[in-house]
Amino acid sequence: MIPSFGTVLRKYRNKSGMSQPELAGLMGLSRNTITNWENDKSRPEIDSIRKLCSLLGIPLYELFGLSDESMPSPHEHALLQQYRQLSPVGQKVADRVIHSILEEEHDARDSYLRDSFLILPLESTPAAAGSGCDFVDLPPEYRFIKKNGYNETADALVRVSGASMEPHYHKDDLVYIRYTNAADDGDDVVCSTADGAVIKRLSNHKLFSLNKELPFGEKSEDDHVIILGRVLGIVSPDDLPDDTEIPILHEVKSEEIKEFKRSHGYD
């Protein structure tokens, strides 16, 4: 919760060791006026706000409940004061040093992101944890995925739809898929069926739902069940880039993105 104007004013007045009458005297106002400000019954005029901030050292952003992200910290403020004490020549040297450090850090960041992430296709057709999803005849989207060892053997990502594979897989989970027609007993697989794409567990050469309340049912040859791939695992939040990394990844992997779009038939 953001402190009110009056709360911030009282905080800094107490911090300065000043009483209401003392502050009122310095401001040329009555004590009652200060009391009303601190109780949020009224607000000072702009000239009085400037004087309050000067007398009590109140940051404007805090007085008005604004974000302080763009404001310098005490350490940054001290560095700024030191910078201003430098000669013009010294400031130019400092500028060059800072620019050089920033370039090295940006290069290191770009290199880290380039090497730490791979691009995987997210198939347009989800896999139903249920009766089946109709196949969508659209090219896959690309997703940036942080390498973690096992996901580097994945061929694609598939989105889960439905609840029949709960509690292990939930609706909208993304799973890693290795395309193969072969699977072992106990593997989770993505299959093509007459009803569409499904994700199920293979046991005794049959497909099962994990959610007993939503059984998959027996399938015959007429259902045309074909294993498309084996599920390697679920994409975790840690496998995905954050909002600050995504635009950088678009830049450092621009050639890979072009190749992805070309190979998947983008216009």
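## A pair of charges to begin with

Select Glu 38 and Arg 13 and show their side chains, which meet in a salt bridge with N and O 2.5 Å apart. Since Glu 38 lies in helix 3 and Arg 13 in helix 1, this pair ties together parts of the chain that are 25 residues apart in sequence. Bear in mind, as you look at such details, that this is a predicted model. Both Glu 38 and Arg 13 are buried, and for Glu 38 the relative accessible area is 2%.

Arg 10 is partly exposed, with a relative accessible area of 29%. Taken together, Arg 10, Arg 13 and Glu 38 are linked in a network of salt bridges. Side chains of opposite charge can pair when their charged atoms come close.

## Along helix 1

Next, select helix 1, residues 5–15, and colour its buried residues, which are Phe 5, Gly 6, Val 8, Leu 9, Tyr 12 and Arg 13. Because these residues cover an arc of only 160° around the axis, they are on the same side of helix 1. What lies over the buried residues of helix 1? Their cover includes helix 2 (20–27), helix 3 (31–38), helix 4 (46–56) and helix 5 (60–63). If you then follow the chain onward from helix 1, you come to Gly 17, whose phi is positive, near 75°.

Now move the selection to helix 4, where the buried residues are Ser 48, Ile 49, Leu 52, Cys 53 and Leu 56. Helix 4 is followed by Gly 57, which has a positive phi, near 70°.

## Into the core

Which residues have the most contacts inside the largest nonpolar core? Select Leu 9, Leu 23, Trp 37, Leu 52, Leu 56, Ile 58 and Leu 63, which have that place in a core of 16 residues. Helix 1, helix 2, helix 3 and helix 4 are the elements that give two or more residues to this core.

Stay for a moment with Trp 37 and display its surroundings, leaving aside residues up to four places away in sequence. Among the residues that Trp 37 touches are Phe 5, Gly 6 and Leu 9, which you met in helix 1, together with Ser 48 and Leu 52 from helix 4. Trp 37 also touches Met 27, Leu 29, Ser 42, Arg 43 and Pro 44.

## Across to strand 1

How many Å separate Phe 117 from Leu 60 in space? Select both and compare their C-alpha atoms, which are 42 Å apart, while in sequence the two residues are 57 apart. Phe 117 is in strand 1, residues 117–122, and at 1% relative accessibility Phe 117 counts as buried. Leaving aside neighbours within four places in sequence, the contacts of Phe 117 include Phe 144, Ile 145, Leu 240, Pro 241 and Leu 249.

For another pair of charges, select Asp 155 and Arg 178, which form a salt bridge with their closest N and O atoms 3.8 Å apart. Asp 155 lies in the loop between strand 3 (141–146) and strand 4 (156–161) and Arg 178 in strand 5 (174–179), so the pair ties together parts 23 residues apart in sequence. Asp 155 counts as partly exposed at 32% relative accessibility, and Arg 178, at 37%, is partly exposed as well.

## The whole chain

Finally, clear the selection and zoom out to the whole chain, which has 9 helices and 9 strands. Its radius of gyration is 31 Å, well over the 18 Å that the globule rule gives for 267 residues, so the chain is more spread out than a compact globule. The C-alpha atoms fill a box of roughly 95 × 55 × 35 Å along the principal axes, and 34% of the 267 residues count as buried.

Definitions and conventions
Residues numbered from 1 in each chain as written. Predicted model: local features only at pLDDT ≥ 70, side-chain atom pairs only at ≥ 80, totals over all residues. Heavy atoms only, no water. Buried < 20%, exposed > 50% of the residue type's maximum accessible area, 1.4 Å probe, protein only. Arc of directions from axis to C-beta. Contact = heavy atoms within 4.5 Å. Core = buried A, V, L, I, M, F, W, Y, C linked by side-chain atoms within 4.5 Å. Rg over C-alpha atoms; globule rule 2.2 N^0.38 Å. Salt bridge = Lys/Arg side-chain N within 4 Å of Asp/Glu carboxyl O.
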